[in-house]
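The structure is shown first.

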Amino acid sequence: MWRASVLTIFPDMFPGPLGLSLAGRALGQAWNVETVDPRDHATDRHRSVDDTPAGGGPGMVMRVDVLARAIDAAAPEGDTRPRLLMTPRGAPLTQKRVRELAAGEGAVIVCGRFEGVDDRLVAARGLEEVSVGDVVLSGGEIGALVLLDACVRLLPGVMGHPESGTEESFSAGLLEYPQYTRPQEFEGREIPAVLTGGDHAKVSRWRREQAEAATKARRPDLWAAYVGLHDGSATKGE
């Protein structure tokens, strides 16, 4: 079973929305999540997990000693799961990294709060810093939910159709092609004729062209990487 251990001072946030829909039905079967409250590893009567920043400045910083004890409790010696720290200064989360995580045993996820965590924790406990976007959230919990949802949906048996995990945005380095369903016509807008013509080869080609065009227009960074990977063989989308 794929196991997630989440370090958070708000344990009631989990499983949250992941207790519903496909992820919720698979909870306890394909995957499990436990929470560890760093406050349980504080040593003072106030259960303090933070202190003022060294060098001065606003806000508070989460203490390295308290968090280290919480990590050690969640992942004792011999636990080989990757240790992740959700932070806006981390490496952007990609579908490639999600697939790698989903293929493993699970993950230990540290959710920062306040002004962040004492930077010594990263090296002391071998944390991989991960970001879900160029935004600043109130804490790492929302980012952790995003990461967990992305991983859990790829676990065997979670999605109804395994193909759903392969024909979607980023699966081939491209954004996903546009999707349509009934009714055939809506407010004068028709489903593209190629999708209803029954020629599967034409449908496949159309979808690839649409995916390439969307990627080139909306994500030039992905398009440049895709063209480089395919050595110029991609449709130019002109």
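In this predicted model, helices H6 and H7 are oblique to each other, because their axes cross at roughly 125°, and angles of 65 to 115 degrees would count as roughly perpendicular while those over 145 would count as roughly antiparallel. The second topic is strand E1, which is largely enclosed by the rest of the structure.

**Helices H6 and H7**

- H6 spans residues 200-218 and H7 spans residues 220-229.
- The axes of the two helices come within 5 Å.
- On the H6 side, the contact is made by Arg 208, Glu 212, Thr 215, Lys 216 and Arg 218.
- On the H7 side, the partners are Pro 220, Leu 222, Trp 223 and Tyr 226.
- The residues of this contact of H6 with H7 comprise four nonpolar, four charged and one polar.

**Strand E1: burial**

- E1 covers residues 2-7, and five of its six residues are buried, so the strand is largely enclosed by the rest of the structure.
- Buried here means under 20% relative accessible area.

- E1 runs parallel to strand E2 (residues 31-36), and six bridges join the two.
- In this pairing, Leu 7 is placed opposite Val 36 of E2.
- E1 also runs parallel to strand E6 (residues 106-111), with five bridges between them.
- Here Val 6 is placed opposite Ile 109 of E6.
- Together with helix H1 (residues 21-26), E1 and E2 form a β-α-β unit that is right-handed.

Technical notes
Residues are numbered from 1 along each chain as its sequence is written. This is a predicted model: local features need pLDDT of at least 70, side-chain atom pairs count only at pLDDT 80 or more; totals for chains, interfaces and linings use all residues. Side-chain values use heavy atoms; hydrogens and water are left out. Axes are lines fitted to C-alpha atoms, for helices over the stretch in contact, and angles run from 0 to 180 degrees between N-to-C directions. Helices (H or I, at least four residues) and strands (E, at least two) are DSSP runs, numbered from the N terminus. Angles under 35 degrees count as roughly parallel, over 145 as roughly antiparallel, 65 to 115 as roughly perpendicular and the rest as oblique. Contact means heavy atoms within 4.5 Å. Ala, Val, Leu, Ile, Met, Phe, Trp, Tyr, Cys and Pro count as nonpolar, Asp, Glu, Lys and Arg as charged, and the others, Gly among them, as polar. Buried means under 20% relative accessible area, exposed over 50%, partly exposed in between (1.4 Å probe, protein chains only). Two strands pair if DSSP finds at least two bridges between them. A crossover is right-handed if, with the strands pointing away from the viewer, the path from the first strand over the helix to the second runs clockwise.
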